[in-house]
Amino acid sequence: MRRPAPRHVALGIAVIGLATLPLWLSHSYYIKIASEILYWAIFALALNILVGYAGLVSLGHAGLFAITGYTAGLILEAGHGHVAADLGALGAILVSSAIYAVLALRSTGIGFLMITLALGQIVWGVAYRWADLTHGDNGVNVRSIPAPFGIELTSPESFYTMTLVVFFAAVASMAVFVRSPFGASVRGTRDQARRMTALGYNVWLIRFLAFLLSGFWTGVAGLLYVYHKQFVSPQVSGLQTSAEVLLMVISGGTATLLGPIAGAAIVVIMKNIVSAYVERWSLVLGIIFIAIISFMPEGLVPGSVRLWRVASQAARARLGALGTRLSGHRDR
């Protein structure tokens with residue numbers, strides 16, 4: 001009988017731990033923090049499609065994140081139901097992502113980064129200045145939470161369960177994307193765009209579709225955020241939010257599935273838990289990121305795997321040498 005790989009065992013333990021978290025995490029505050037980690041992880045996974053697999057660094061995704069929240073909040077404020085709000089928000093995010101992509105994909109590298117940064121700032125300016133629509137600094141309040149299939153999501157445990165289901169769907173879709181021919185073509189545009197063009201691939205269209213996929217999951221994360229906080233304001237669309245999510249991706253490890261999740265967990269825990277005990281928590285967070293980049297330039301998850309392999313090989317070598325010495329002594 002074939003033994004399960006350690007990787008599969010670890011994955012199974014992680015899934016069981018996440019599924020049973022409300023049972024062994026008694027305080028409702030920490031369950032809310034766990035929900036927050038999950039939807040920020042979805043956001044980081046969405047950005048990783050561009051940063052890690054397409055090689056396009058965006059600093060404007062917070063604008064897309066906020067567009068979803070504002071659209072859902074304003075539709076609900078107008079008296080419509082949650083189905084209309086959710087469908088309208090997802091429709092708005094796909095249209096907005098398409099506009100983002102058409103404008104930003106005119107360039108790559110630093111040009112792409114600057115265009116997305118400008119688009120994100122435009123969204124922030126509209127949210128802040130168009131007070132008749134967005135209520136400016138006062139933001140938009142969401143007074144109700146959807147109840148899918150009649151299941152109330154008002155308790156932290158039920159909301160966490162719903163967020164976990166969406167999170168698993170996001171991770172599954174990312175795994176399918178990575179292993180699909182489309183995912184391979186996206187990586188091809190990152191590594192050899194000219195060769196891809198010479199082979200007959202439409203590089204612009206591949207990047208455009210990757211942007212839409214990234215935008216869709218960004219919108220899903222935005223919906224979870226607005227229902228969790230029951231509030232959305234211009235601050236959500238600011239540069240700081242885009243930079244934090246980009247740090248989640250880079251620190252955890254680009255072009256990996258677990259990297260953005262680990263990065264999201266670090267940032268959310270530092271902001272919501274460590275900050276209660278350490279006044280200068282942002283300094284501690286900065287030191288952590290510097291340490292990761294210095295000792296694990298490929299990111300926390302790939303770097304940890306590399307160090308584990310090095311340590312395992314060294315341990316095996318020492319055990320082998322020890323065994324050789326013991327056998328030599330016995331022969332004498």
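Helices (H or I, at least four residues) and strands (E, at least two) are DSSP runs, numbered from the N terminus. The model is predicted: local features need pLDDT of at least 70, side-chain atom pairs count only at pLDDT 80 or more, and totals for chains, interfaces and linings use all residues. Residues are numbered from 1 along each chain as its sequence is written, and side-chain values use heavy atoms, with hydrogens and water left out.

**View A. Alanine 85 in helix 5.** Alanine 85 belongs to helix 5 (residues 82-104). Its relative accessible area is 0%, so alanine 85 is buried (buried means under 20% relative accessible area, exposed over 50%, partly exposed in between; 1.4 Å probe, protein chains only). Contact here means heavy atoms within 4.5 Å. Apart from neighbours within four places in sequence, alanine 85 is in contact with Ala72, Ile75, Leu76 and Tyr227. Glycine 69 lies 16 residues from alanine 85 along the chain, and their C-alpha atoms are separated by 9.6 Å.

**View B. Tyrosine 227 and the largest nonpolar core.** A nonpolar core is a set of buried Ala, Val, Leu, Ile, Met, Phe, Trp, Tyr and Cys residues joined through side-chain atoms within 4.5 Å. The largest one has 86 residues, of which Trp40 and Tyr227 touch the most other members. Helix 3 (residues 28-54) supplies the largest share of this core, 19 residues. With neighbours within four places in sequence left aside, the contacts of tyrosine 227 include Leu76, His82, Ala85, Asp86 and Val142. Also among them are Ser144, Ile145, Pro146 and Phe159.

View C. The expected span of a helix is 1.5 Å times one less than its number of residues. For the 17 residues of helix 4 this gives 24 Å, and the end C-alpha atoms are 24 Å apart, which agrees. Of these 17 residues, 16 are buried. Glycine 79 follows helix 4 and has a positive phi, near 100 degrees. Helix 6 (residues 110-129) has 20 residues and reaches 28 Å from its first C-alpha to its last, close to the expected 28 Å. Among the buried residues of helix 6 are Phe112, Leu113, Thr116 and Leu117. The buried residues of helix 6 pack against helix 4 (61-77), helix 5, helix 7 (131-134), helix 11 and helix 12.

**View D. The second largest pocket.** On a 1 Å grid over the protein atoms alone, a pocket is an open set of points with protein on both sides within 12 Å along at least five of seven lines, and lining residues have an atom within 4 Å of a point. The second largest pocket has a volume of about 460 Å³. Of its 18 lining residues, Pro148, Leu153, Met162, Val166 and Leu224 are the closest to its centre. Helix 5, helix 8 (156-179) and helix 11 each give two or more residues to the lining.

**View E. Two loop residues with positive phi.** Glutamine 230, in the loop between helix 11 (203-229) and strand 2 (231-232), has a phi near 55 degrees, a positive value in a residue other than glycine. Alanine 255 is in the loop between helix 12 (239-252) and helix 13 (258-272), and its phi is near 60 degrees, also positive. Glutamine 230 has a relative accessible area of 30% and is therefore partly exposed; alanine 255, at 31%, is partly exposed.

Note on methods:
On a 1 Å grid over the protein atoms alone, a cavity is a set of points where a 1.4 Å probe fits but cannot get out, and a pocket is an open set with protein on both sides within 12 Å along at least five of seven lines; lining residues have an atom within 4 Å of a point. Grid points are joined across faces, edges and corners, and a volume is the space filled by probe spheres set on the points.
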